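Q: Please take me through this model and test its labels against their cut-offs.
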Amino acid sequence: MQRVISFLLTLLLLAALTACGGAPAPGSAGPSQPQEPPPQEASPEPESPPEPEPYAIWDPTVMPEGGMRDGVAYVPYEGVVEHLFFHPVVAYPELAFDGDLKSDGIDDWMVTAGEYLKILQSIYEKGYVLVDIADCWSQQTGEDGQPRMVKNTLYLPEGKKPLILSYDDTNYYQYMLDNGFTYKLILGEDGKVASWGLDPQGNEVVSRDLDAIPILDRFVEEHPDFSPFGAKGCLSLTGYEGILGYRTQTDRENWSEEREANRQKEIEAVKPIVAELKRTGWTFGSHTWGHISLNTRSYETVTADMQRWFDEVGTLVGETPVLFYPFGGRLDGDDVRQTGPAFQWMQAHGFRIFCSVGIESWSKCKEDVSAVICDRLHPDGTTLRSSKSLDRYMKFYDAREIIDLEARPRREVGWLA
Ligand SMILES: [Zn+2]
């Protein structure tokens, strides 16, 4: 049907062009002379975008009718919701770990695409299923008439455990482009989210195997029971180098009409990517505009930075209740009873879930304000190498089977010592 419409549109467009006569070519006799129609050139028929495959999203806080869906029994779950977070994954280890100044940082805070896929396989086999972070708590009115966050009962396929995934700094920063990461997300010819980038030889590569986001999409396509509600992960975005590989940011110095025009082009280009991600179970959170430490910066700096995030990123991804602390720096300065002015400002601007980083998937609903604070675990080089983390992460995977010591720099491995 879409092809027929596109063919009709082409016909209409041709008719319109013929009716207008088009602009006279330079040196032609001008519009007063009747013109011969130009010889028909064999142009390929424009490809219509493929019809997207339907994608179902379910609410895990609602028990399916009769306790069953698709022949699977659902049961209530009240326990811990585990939460793992990743950074962008390394597509080309030979570029990431080439011994330059960035090598050790990438080794510390990232995993390779191969390690990431092995982690997904392991957490899937251990019975975890994906849930969206925003479905794990909701706001209710307390006995004092004040709104408070409460932990939700989740209705999960029997025997399964819930898992939140989040992905920090999915902005495709400039420094990553030279260091073995993909450059941006695009929509492939099949309409699905893919990555675009350059391989070490400089060839353009469109792939669904080199970037954490399409890798998870593919994994869920192949193992739909890993995501019974359609949830994927929450993308934690800064704004200072744009989002998802598109340079949608402003620059207070050196701004020009040309740069603004380019920015507008990037904004238009990223919109369909955001829409497709949302349609297929991805959600978005804030990581501040400038990746600033929320535990040390002044109220004025924090609120001005966040206003810029709302202006430049919130306008593209929509409202979000989730704030991911850069560097794990807590707004309350590590005191759960503290709800300072910057925390209050964030809460008043819609944030309800405040995520740091820690050694377990801890969470607490605050008593003085409607907000939940929580920690996430971090599969990366530091934890893959550490003997302490080996046990801590065993419920998800055995780091000894995940870490790619061939690809990574020769650095200490705690559990080998
Ligand atoms: Zn970050």
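Q: What is the bridge partner of W196 in β11?
A: The partner is V206. This is a predicted model, where local features need pLDDT of at least 70, side-chain atom pairs count only at pLDDT 80 or more, and totals for chains, interfaces and linings use all residues. Residues are numbered from 1 along each chain as its sequence is written.

Q: How do you know that β10 and β11 pair?
A: Two strands pair if DSSP finds at least two bridges between them. Strand β10 (residues 193–198) and β11 have 4 bridges, in the antiparallel sense. So they pair. Strands here are DSSP runs of E, at least two residues; helices are runs of H or I, at least four; both are numbered from the N terminus.

Q: Why are β9 and β11 called edge strands?
A: The open sheet has the order β9-β10-β11, with antiparallel pairing. β9 (184–187) and β11 (204–207) each pair on one side only.

Q: What makes A212 of α6 buried?
A: Buried means that 20 or more other C-beta atoms lie within 10 Å of a residue's own; exposed means 12 or fewer, partly exposed in between, with C-beta atoms placed from the backbone. A212 is among the buried residues of α6, as are I213 and P214. The cover over α6's buried residues includes β3 (82–86), α4 (113–125), β9 and β10.

Q: Which residues does Y116 touch?
A: Contact requires C-beta atoms, placed from the backbone, within 7 Å. Y116 touches F86, V89, V111, A212 and I215, leaving out residues up to four places away in sequence.

Conventions: Two residues are in contact if their C-beta atoms, placed from the backbone, lie within 7 Å.
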